[in-house]
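Hi,

Here is the structure I promised to pass on. Have a look at it first, and my notes follow below.

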Amino acid sequence: MLTIATADEMFELGRRLGAQLRAGDFLLLNGPLGAGKTLLTQGIGSALGIMGVTSPTFVISRVYHAKVPLIHVDAYRLLQSENPNLSLDDLDLDTERENAITVVEWGGVAAERLSDDRLEITIDRTNDERVVSVVKYGARWDEFSL
């Protein structure tokens with residue numbers, strides 16, 4: 001577990017994480033509103049040479065093109081929809097995932113099934129500090145550390 005005290009530290013954590021990522025990697029970010037999920041993703045984007053990463057809350061998914069593209073998904077509205085016909089499958093994430101880094105915010109159990117090989121990051125917000133925990137699934141992450 002890591003304790004993050006400032007927005008700059010969360011961004012820098014994302015940069016350190018992004019420097020270790022490669023095409024095909026799948027990350028699942030969980031935490032309450034305002035925990036820093038998008039800020040972490042902005043740091044990942046920065047490490048990939050991508051500036052201007054914004055929350056995809058209203059568009060649900062954004063693709064940022066770079067040497068290794070970044071797919072950034074905010075599944076909150078999709079999963080909270082009263083329309084039973086909407087699901088993460090509607091995003092057709094498998095189309096580009098093998099050539100990109102995919103970060104899904106708010107995916108929960110619905111996103112877990114998208115990849116057995118994933119990094120799950122939970123950000124617990126208490127007051128001004130954030131506690132970040134990382135759970136690794138699959139052989140890809142055996143040697144990974146922050």
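S46 sits in helix α2, which spans residues 37–47. Helices here are DSSP runs of H or I with at least four residues, strands are E runs of at least two, and both are numbered from the N terminus. Bear in mind that this is a predicted model: local features need pLDDT of at least 70 and side-chain atom pairs 80 or more, while totals for chains, interfaces and linings use all residues. Residues are numbered from 1 along each chain as its sequence is written, and side-chain values use heavy atoms, leaving out hydrogens and water.

Back to S46: it counts as buried because its relative accessibility is 12% (buried is under 20% relative accessible area, with a 1.4 Å probe and protein chains only). Its side chain makes a polar contact of 2.6 Å with that of R15 (a pair of N or O atoms within 3.5 Å, one able to donate a hydrogen and the other to accept it; residues adjacent in sequence count only if both atoms are side-chain atoms). Leaving out residues up to four places away in sequence, S46 touches F11, R15 and M51 (heavy atoms within 4.5 Å).

Overall, the chain has four helices and seven strands, and 41% of its 146 residues are buried.

Cheers

Terms used:
Buried means under 20% relative accessible area, exposed over 50%, partly exposed in between (1.4 Å probe, protein chains only).
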